[in-house]
Amino acid sequence: MADRSDALARFYSVIPAGGVGSRLWPLSRADAPKFLHDLTGSGSTLLRGTWDRLAPLSGDQRIMVVTGRAHRAAVEAQLPELVDANIVLETEPKDSSAAIGLAAAILKLREPDVIIGSFAADHVIGDVRSFRRAIEQAVVVADAGYIATIGITPTEPAIGFGYIHCGEALGIEGAPKALRVESFVEKPDLATAEGYVEGGDHLWNGGMFVSRADVLLKQMRQTQPELVAGLEELASAWDDPTTRGPAVDRIWPGLIKIAIDYSVAEPAAAAGKLAVIPGTFDWDDVGDFASIAKLHSGGRKNDLAILGENARVLADASSGVVISQSDRIISLIGVRDIVIVDTPDALLVTTTANAQRVKSVVDALKLSGRSEVL
């Protein structure tokens, strides 16, 4: 195995910036998904925050962003350092296997021994130094031939996350925390999640993967050979502007939609080829408005989080989160765990306990043909 510094020198970050974030409607829309918003109050969008975490690891010249054509201008405006050759545009969403697989195929042609790491554009991570240390170990594990993921140490029995069942230590030099993954577990019920947290051998699945590009594609080919064939054909045409467009129009629409958990992670775990680095840093995928309320309250249930540059909110004995994009005055009196999202053309009122159900509103709007507010 090459030494640690050599492996890090071959590391390339990939940021899949897709998805609408339907549980954050009406804030997150098709033309302005959640990764383009500042949901932390830091002054930076989630996408910009992701870039800033990764740049010290791989360098500005070695970060690839995979996003939709409609978001190109916004992404490039937020990431002026992004190299033109490193923005990959999807004509339509095809889920994470296609997005990450295409990035891997393109980078493998450019650098046959490249190690890639995939990191969602819409996550919030507090302890950046601990995050980087975990990624450095994952890169070493990837160089040893494994597919590595980062597991998040649970702070509560959350039912909104998948879990990773950890096995024995792998004993890889340079990666002392690396463990074998026994299995991936789908989102459990509360009783099961409580058992996982008490048992101590399950981690949250943060959806971060680090691997040699050739190893990732080989694993994906075992379960999705047609998908990989299409991605590799696309990659062969990608760096020539005269061949890229026709190849995309011909191949991309026919690619299967499948999450990388199913095409790569689960079968790799079953084959003993998946490793996990336990992450001890704060992490949130900002999956719903309850997550936003928690981010801004520091876990204090009596606090009211208020977001919006010109928000006009009067509150008395109330808690939860208010996000305002209008000039309206919003008054709250004696309401607990409230969620109010006020935009010029849509208003959402719910509670943090029901935050996961917002997606059902989006589904209903689609069925009713009200796509103008999506």
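1. Which residues lie nearest the centre of the second largest pocket? They are L307, G308, E309, S324 and Q325, out of 13 residues that line this pocket. A pocket here is an open set of points on a 1 Å grid over the protein atoms alone, with protein on both sides within 12 Å along at least five of seven lines, and lining residues have an atom within 4 Å of a point. Its lining divides into 4 nonpolar, 6 polar and 3 charged residues, with Gly counted among the polar ones.

2. A word on reading this note: the model is predicted, so local features need pLDDT of at least 70 and side-chain atom pairs count only at pLDDT 80 or more, while totals for chains, interfaces and linings use all residues. Residues are numbered from 1 along each chain as its sequence is written, and side-chain values use heavy atoms, with hydrogens and water left out.

3. Now look inside. The largest nonpolar core has 51 residues, and F131, V141, I150, V210 and F281 touch the most other members. Helix α5 (residues 128-143) gives the largest share of this core, 8 residues. Such a core is a set of buried Ala, Val, Leu, Ile, Met, Phe, Trp, Tyr and Cys residues joined through side-chain atoms within 4.5 Å; buried means under 20% relative accessible area, with a 1.4 Å probe and protein chains only. A second, separate core of 48 residues includes V66, M220, A235 and I251.

4. Leaving aside neighbours within four places in sequence, F131 is in contact (heavy atoms within 4.5 Å) with R53, L54, L57, F119, I125, M208 and F281.

5. Helix α10 (residues 260-270) is mostly covered, with 8 of its 11 residues buried. Helices are DSSP runs (H or I, at least four residues), as are strands (E, at least two), numbered from the N terminus. After α10 comes G272, whose phi is positive, near 75 degrees.

6. Finally, helix α11 (residues 289-297) has F289, S291, I292, A293 and S297 buried. D288 caps the N-terminal end of α11, with a side-chain oxygen 3.0 Å from the backbone nitrogen of A290.

Methods
Buried < 20%, exposed > 50% of the residue type's maximum accessible area, 1.4 Å probe, protein only. Polar contact = N/O pair within 3.5 Å; in protein donor to acceptor, adjacent residues only side chain to side chain. 1 Å grid on protein atoms, 1.4 Å probe; cavity = no way out; pocket = protein on both sides within 12 Å on 5 of 7 lines; lining within 4 Å.
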